[in-house]
Amino acid sequence: MSEIHETIEKAQEGEHEPGFNRRIALVIAILALFLSFSETLGKSAQTEAISANVESSNLWAFFQAKTVRMTVVRTAAEEMKIVAASASDPAVKTAMDQQIDAWQKTAARYDSEPETHEGRKELTERAKEAEEGRDLAMARYHHYELSSAAFQIGIVLASAAVITGMVALAWFAGALGVVGVVLLALGLFAPHAVPFLAAM
């Protein structure tokens, strides 16, 4: 970014200086380079956010299915407990008690299954992790979008400086380039540092 400032300082020496347009063209090229970085990172962050959102939705749907199954099995076990209490045949009562025990174990497995990470508790943790990933990617995406906007406006102003010969436009374009680089860096390294941007 120091090259941009050097170019602008040299341009201030005289708007009719022969190298003015070349220097502004260099500023435009640098801004366009950073614009390509922010656009690429923005698309990547957007894709990551969409993928994490789909994963989170799938995990919550799986959680709901497990909850329905667990409720059905627990209800069947409770109903059979009532029937088993009134059973007079010991063999039938034993068979019912075994089925009740099997259903209770199944319901417990639906609630928590650490081996496969597919119990309700594990699914909740996985879904929340996916949501955190989605939120991080969206925070980055917003920074990259604002960064791209700063670079695009800077390119337009630098182009106008070539046409009009106004040095002030070149300075403003350089300042927007600096803002764009700051937003790009925040998106890469500290997307939650500015709460306003992260909440967009």
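1. Axes here are lines fitted to C-alpha atoms, for helices over the stretch in contact, and angles run from 0 to 180 degrees between N-to-C directions. On that basis, the axes of helix 2 and helix 3 come within 9 Å and cross at roughly 160 degrees. Angles over 145 degrees count as roughly antiparallel, and helix 2 is therefore roughly antiparallel to helix 3. The model is a predicted one, and this applies to every point below.

2. Overall content. The protein chain has six helices and zero strands, giving the pattern α-α-α-α-α-α along the sequence. Of its 200 residues, 34% are buried. Among contacts between residues at least 6 apart in sequence, 71% join residues at least 24 apart.

3. Helix 2 against helix 3, continued. The crossing of this pair is left-handed. From helix 2 the contact takes in Lys66, Arg69, Met70, Val73, Arg74, Ala76, Ala77, Met80, Lys81, Val83 and Ala84. The residues of helix 3 that they meet include Lys93, Met96, Asp97, Ile100, Trp103 and Tyr110. By class, the residues of this contact divide into 12 nonpolar, three polar and seven charged.

4. Helix 2 against helix 4. These two helices pack at an angle of about 160 degrees, and their axes are 6 Å apart. Helix 2 is therefore roughly antiparallel to helix 4, with the angle above the 145-degree limit for that class. Helix 2 and helix 4 cross in a left-handed sense. Their contact has 29 nonpolar, 14 polar and 10 charged residues.

5. Helix 4 against helix 5. The axes come within 8 Å and the crossing angle is roughly 165 degrees, so helix 4 is roughly antiparallel to helix 5. The crossing of helix 4 and helix 5 is again described as left-handed. The contact of helix 4 with helix 5 comprises 20 nonpolar residues, seven polar and one charged.

6. The largest nonpolar core. This core has 15 residues, of which Ile24, Leu31, Leu157, Ala158 and Ala173 touch the most other members. The elements giving two or more residues to the core are helix 2 (20-85), helix 4 (120-164) and helix 5 (167-189). Leaving aside residues up to four places away in sequence, Ala158 touches Ile24, Val27, Ile28 and Ala173.

7. Val162. This residue lies in helix 4. Its relative accessible area is 30%, so Val162 is partly exposed. Not counting residues up to four places away in sequence, Val162 touches Asn21 and Ile24. Ile24 is also one of the core residues listed as touching the most other members. Val162 and Asn21 are 141 residues apart in sequence, but their C-alpha atoms are 5.7 Å apart in space.

8. Ser148. With residues up to four places away in sequence left out, Ser148 touches Leu35, Ser38 and Glu39.

9. Lys128. This is another position in helix 4. Lys128 counts as partly exposed because its relative accessibility is 45%, and that class lies between 20% and 50%. The C-alpha atoms of Lys128 and Ser56 are separated by 7.2 Å, while the two residues are 72 apart along the chain.

10. His117. This residue is found in the loop between helix 3 (90-111) and helix 4. Its phi is positive, at about 60 degrees, although His117 is not a glycine. Most residues other than glycine have a negative phi. The relative accessible area of His117 is 44%, so the residue is partly exposed.

Note on methods: Residues are numbered from 1 along each chain as its sequence is written. This is a predicted model: local features need pLDDT of at least 70, side-chain atom pairs count only at pLDDT 80 or more; totals for chains, interfaces and linings use all residues. Side-chain values use heavy atoms; hydrogens and water are left out. A nonpolar core is a set of buried Ala, Val, Leu, Ile, Met, Phe, Trp, Tyr and Cys residues joined through side-chain atoms within 4.5 Å. Buried means under 20% relative accessible area, exposed over 50%, partly exposed in between (1.4 Å probe, protein chains only). Helices (H or I, at least four residues) and strands (E, at least two) are DSSP runs, numbered from the N terminus. Contact means heavy atoms within 4.5 Å. Angles under 35 degrees count as roughly parallel, over 145 as roughly antiparallel, 65 to 115 as roughly perpendicular and the rest as oblique. A crossing is left-handed if the near helix is turned anticlockwise from the far one by less than a right angle, and right-handed if clockwise. Ala, Val, Leu, Ile, Met, Phe, Trp, Tyr, Cys and Pro count as nonpolar, Asp, Glu, Lys and Arg as charged, and the others, Gly among them, as polar.
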